[in-house]
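This briefing summarises the fold, the surface and selected residues of one protein chain. Please consult the sequence and the model shown below alongside the text.

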Amino acid sequence: MIRVAVIGYTNCLDDNMSLVSKYNEFDVLLVSYMSCTMLAQCALGLDEVFVKAFLKNKPIYVLKSGLEYKRIIDKTVFQMYSVYRRVLQSFGVKFIESAKEIKL
């Protein structure tokens, strides 16, 4: 059973996963909803939960369907948030379609 801490909605978990608090020990951090502000804060190292996961070398997954910036119409602003996403990818954050993709 994979211990998953979730930021956002918890109805995305798979059968082989158990929900745990993001303040306790977890195997994986899953973000099911990521606002534009959170995306920027995580990319800049300002989000406490992300920093904790990075420091403990825990895998971080973000559901693509939960990325708020994908709904931005202005091309310049969209590009700015796309850079933040690429920064997170360079840190090893994986952007996935479904929690079923999470394997340990």
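A polar contact of 3.2 Å links the side chain of Glu68 to that of Tyr33; a polar contact here is a pair of N or O atoms within 3.5 Å, where within protein one must be able to donate a hydrogen and the other to accept it, and residues adjacent in sequence count only if both atoms are side-chain atoms. The model is a predicted one, in which local features need pLDDT of at least 70 and side-chain atom pairs count only at pLDDT 80 or more, whereas totals for chains, interfaces and linings use all residues. Residues are numbered from 1 along each chain as its sequence is written, and side-chain values use heavy atoms, with hydrogens and water left out.

**Surroundings of Glu68**

- Glu68 is located in the loop between β4 and α3; helices (H or I, at least four residues) and strands (E, at least two) are DSSP runs, numbered from the N terminus.
- The side chain of Glu68 also reaches the backbone nitrogen of Cys36, at 2.7 Å.
- Not counting residues up to four places away in sequence, Glu68 touches Tyr33, Met34, Ser35 and Cys36, where contact means heavy atoms within 4.5 Å.
- With a relative accessible area of 27%, Glu68 is partly exposed; buried means under 20% relative accessible area, exposed over 50%, and partly exposed in between (1.4 Å probe, protein chains only).
- Between the C-alpha atoms of Glu68 and Ser21, the distance is 23 Å, and the two residues are 47 apart in sequence.

**Helix α1**

- Cys36, whose backbone nitrogen is reached by Glu68, is one of the buried residues of α1, together with Met38, Leu39, Ala40, Cys42 and Ala43.
- Helix α1 spans residues 36-43 and is mostly covered, with six of its eight residues buried.
- The cover over these buried residues includes β1 (2-7), β3 (28-31), α2 (48-55) and α3 (75-90).
- Gly45, which follows α1, has a positive phi near 75°.

**Buried loop residues**

- Ser32 lies in the loop between β3 and α1 and counts as buried at 7% relative accessibility.
- The side chain of Ser32 reaches the backbone nitrogen of Tyr9 at 2.5 Å.
- Leaving aside neighbours within four places in sequence, Ser32 is in contact with Val6, Ile7, Gly8, Tyr9, Cys12, Leu63 and Gly66.
- Phe26 belongs to the loop between β2 (17-20) and β3, and at 3% relative accessibility it counts as buried.
- Residues touched by Phe26, not counting those up to four places away in sequence, are Arg3, Ala5, Val20, Ser21, Lys52, Ala53 and Lys58.
- Phe26 and Ala99 are 73 residues apart along the chain, and their C-alpha atoms are separated by 15 Å.

**Exposed residues**

- Asn57 lies in the loop between α2 and β4 (60-63) and counts as exposed at 68% relative accessibility.
- Although Asn57 is not a glycine, it has a positive phi of about 55°.
- Most residues other than glycine have a negative phi.
- Lys100, in the segment after β5 (94-96), is exposed, with a relative accessible area of 53%.

**Overall fold and surface**

- The protein has three helices and five strands, arranged along the sequence as β-β-β-α-α-β-α-β.
- The radius of gyration is 13 Å, close to the 13 Å that the globule rule gives for 104 residues, so the protein is as compact as a globular protein of that length; the radius is taken over C-alpha atoms, and the rule is 2.2 Å times the number of residues to the power 0.38.
- Taken along the principal axes, the C-alpha atoms fill a box of roughly 40 × 25 × 20 Å.
- Of the 104 residues, 41% are buried.
- Among contacts between residues at least 6 apart in sequence, 63% join residues at least 24 apart.
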